[in-house]
Amino acid sequence: MPTAQRMTARERAEFRLARALARLPHRAQVRLSGKPPVEIDGQRLHPEIQLALALLEKRGDPPMETLPPAEARARTSRQAAVVAGRVASVGGVRDLQIPGPAGPLPVRHYVPEEPGGPHGLLVFLHGGGFVVGGIDTHDGVCRLLCRHAGVHVLSVDYRLAPEHPFPAAVDDSVAAWRWVAEHAAELGADPEQLAIGGDSAGGNLAAVVCQLAARDGGPLPAAQLLIYPVTDAADDTPSRGMFADGFYLTKAEMDWFHGNYTSPSDDPTDVRLSPLRAADLAGQPPAVVVTAGFDPLRDEGEAYAHALRDAGVPVVLRRFTGLIHAFINMTAVSPAAHDAVVETAGALRAVLAVARTREPAADPV
């Protein structure tokens, strides 16, 4: 797991500095960033994030899109260790393997420590543009979701591009979901309270799994958690232009991710790439959709939430206006990011509680 003990000496120093700077007054954080308060589209960037971005800029790291995928993955893991913070305690953690379409899939199972049960379970699909990231980079957020949503979490280490291009990640995600639907009780979870979710690329995969489950007759999740999801690979949005550079996720990175994940022959309107393009979203599970104000993916995530609502799907939509893409991985350098993850977990808990009390649909006469 990505802990402070595995960091280099420089990274340990950066971790301590980041935590100290996160505790400064907001005025001091803005002043240390060397820039005036950042305001775009009627929103103000949170001072903690403004300072974190300034420090990242001063590092002078080469852009991700200039790196080989293996090097980009290694850097992502190091950065995750620096900004993840102290891990939240849970009832238990164990690494497993489950069957996948191309061989065993590594997964990590988090068990809630709160009494009662059986508790629900969230299948979590990590972000990283389908190219970087894994169960280690998202260990911290999975622990927070387990603790504050009161659910088991099964984090899936699906295959990454370019070694395994589209639709390998989709196939792995579908396989993981179907396995959990059959084996939830063996994990100690309530088979009737199963959710699927993820961030960024993982949000895309979670939405796609829900659509395919509805199309193919299930099993359908009880809820979906979509954190700044990629929902439209075929079109640009205003937020993709407004936040194309300078807010962690850049247009150049997104183009690099897409180029590694797909081939020129892939149709960008394929709903497995662009779930927003689905002709019919009726019958989808209740959704918690979370976006960040300064995120290129903001508009397409919110468009998907509105499309779900228009199709009659219950949706909780929450925009954290002062935050950026990948904030769920920044809980050490930004208390605001930590609070946002805790609030997101609470929203998932509430949606699952409503689903648990909902009467099953009557059989047609």
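# Reading a predicted fold

Mentor: Start with the surface. The accessible surface of the protein comes to about 15400 Å², and 54% of that belongs to carbon and sulfur atoms. Accessible areas come from the Shrake-Rupley method with a 1.4 Å probe, and for residues only the protein chains shown count as cover. This is a predicted model, where local features need pLDDT of at least 70, side-chain atom pairs count only at pLDDT 80 or more, and totals for chains, interfaces and linings use all residues. Residues are numbered from 1 along each chain as its sequence is written, and side-chain values use heavy atoms, with hydrogens and water left out.

Trainee: What share of the residues of the protein count as buried?

Mentor: Buried means under 20% relative accessible area, exposed means over 50%, and partly exposed is in between (1.4 Å probe, protein chains only). Here 55% of the 365 residues count as buried.

Trainee: What radius of gyration does the protein have?

Mentor: The radius is taken over C-alpha atoms, and the globule rule is 2.2 Å times the number of residues to the power 0.38. For 365 residues, a compact globule would have a radius near 21 Å. The protein has 19 Å, which agrees. Along its principal axes, the C-alpha trace spans about 70 × 45 × 40 Å.

Trainee: How many helices and strands are there?

Mentor: Helices (H or I, at least four residues) and strands (E, at least two) are DSSP runs, numbered from the N terminus. This protein has 11 helices and 10 strands.

Trainee: How do I check the span of a helix such as α7?

Mentor: The expected span is 1.5 Å times one less than the number of residues. Helix α7 covers residues 201–216, 16 residues in total. From first C-alpha to last it reaches 22 Å, close to the 22 Å expected. Gly 217 follows α7, with a positive phi near 90 degrees.

Trainee: Is α7 mostly covered or mostly open?

Mentor: Mostly covered: 13 of its 16 residues are buried. Now look at α6. Its 16 residues should span 22 Å, and its end C-alpha atoms are 22 Å apart, which agrees. Its buried residues include Trp 177, Trp 179 and Val 180.

Trainee: Which residues does Gln 79 touch?

Mentor: Contact means heavy atoms within 4.5 Å. Not counting residues up to four places away in sequence, Gln 79 touches Leu 56, Asp 61 and Tyr 248. Gln 79 lies in helix α4, residues 69–83. At 19% relative accessibility, Gln 79 counts as buried.

Trainee: What share of contacts join residues at least 24 apart?

Mentor: Take contacts between residues at least 6 apart in sequence. Of these, 75% join residues at least 24 apart.

Trainee: Which backbone angles deserve a second look?

Mentor: Most residues other than glycine have a negative phi, and most peptide bonds are trans. Phe 130 is not a glycine, yet its phi is positive, about 70 degrees. Phe 130 sits in the loop between β5 and α5 (139–149). Phe 130 is buried, with a relative accessible area of 8%. Ala 326 also has a positive phi, about 75 degrees. Ala 326 is in the loop between β10 (315–324) and α11 (335–357). Ala 326 is buried too, at 11%.

Trainee: Where are cis peptide bonds found?

Mentor: One joins Gly 117 and Pro 118, with omega about 5 degrees. Pro 118 lies in the loop between β4 (103–111) and β5 (119–125). Another joins Ala 161 and Pro 162, with omega about 5 degrees. Pro 162 lies in the loop between β6 (152–156) and α6 (168–183).
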